[in-house]
Amino acid sequence: WALLQKEYAAGKKLEKERTYWQQVCDQQIAGLPQDKAVEAGEVAVIDSSESFALDKQTTELLQTRVHGVYSTEINDVLLTGFGLALKEVLSVDKSVLKMEGHGREEIIEGV
């Protein structure tokens, strides 16, 4: 498994993508807008919140069928929804979200 991962990382497929992803990483993305300035070391107090809940049918469709329509994984659908919400609420076209994976994503078929 480790040897196959190493070969994949050094392979031509990733090399073709490397330039694109490097350009994406090199972009300067502004921070999210703030409605209240907070000084370093200070704690922001949030005195309101918004929430919602999906009904059982919508939740089931989201968990079992939606990602298959787009040939993606459920995380891709959820992240897209999050990005669209940021755009709608904060009027931002680009944002950065740092994520960590568990390292077991299937990037090589059958491995």
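Asp93 is exposed, since its relative accessibility is 67%; here exposed means over 50% relative accessible area, buried means under 20%, and partly exposed covers the range in between, with a 1.4 Å probe and protein chains only. The structure is a predicted model, in which local features need pLDDT of at least 70 and side-chain atom pairs count only at pLDDT 80 or more, while totals for chains, interfaces and linings use all residues. Residues are numbered from 1 along each chain as its sequence is written, and side-chain values use heavy atoms, with hydrogens and water left out.

Asp93 takes part in a salt bridge with Lys87, the closest N and O atoms lying 2.8 Å apart. A salt bridge is counted when a side-chain nitrogen of Lys or Arg is within 4 Å of a carboxyl oxygen of Asp or Glu. Lys87 is partly exposed, at a relative accessible area of 42%. The structure holds two salt bridges, and Arg18 with Glu15 forms one of them, with 3.1 Å between the closest N and O atoms. Arg18 and Glu15 are about one helical turn apart because they sit three residues from each other in helix 2 (residues 12–26). Arg18 is partly exposed, with a relative accessible area of 41%, and Glu15 is also partly exposed, at 45%. As background, side chains of opposite charge can pair when their charged atoms come close.

Turning to the overall fold, the protein chain has five helices and zero strands, and its elements run α-α-α-α-α from the N terminus on. The radius of gyration of the protein chain is 19 Å, well over the 13 Å that the globule rule gives for 111 residues, so the chain is more spread out than a compact globule. For reference, this radius is taken over C-alpha atoms, and the globule rule is 2.2 Å times the number of residues to the power 0.38. Helices (H or I, at least four residues) and strands (E, at least two) are DSSP runs, numbered from the N terminus. Along the principal axes, the C-alpha atoms fill a box of roughly 50 × 40 × 25 Å. Of the 111 residues, 5% count as buried.

The surface also carries two kinds of patch. Patches are made of residues with over 30% relative accessible area and no salt bridge, like charges being joined within 9 Å and nonpolar side chains (Val, Leu, Ile, Met, Phe, Trp, Tyr) within 5 Å. A negative patch is formed by Glu73, Asp76, Glu105, Glu106 and Glu109. Lys and Arg count as positive and Asp and Glu as negative, with His and the chain ends not counted; the place of a charge is NZ of Lys, CZ of Arg, CG of Asp or CD of Glu. Glu73 belongs to the loop between helix 4 (66–69) and helix 5 (74–90), and is exposed at 53% relative accessibility. The C-alpha atoms of Glu73 and Gln63, ten residues apart along the chain, are separated by 9.7 Å.

A nonpolar surface patch is made up of Leu79, Phe82, Leu97 and Met99, which together have about 380 Å² of accessible area, computed by the Shrake-Rupley method with a 1.4 Å probe; for residues, only the protein chains shown count as cover. Met99 lies in the segment after helix 5 and is exposed, at 54% relative accessibility. Ser95 also lies in the segment after helix 5, and is partly exposed at 37%. Between the C-alpha atoms of Ser95 and Gln23, 72 residues apart along the chain, the separation is 15 Å.
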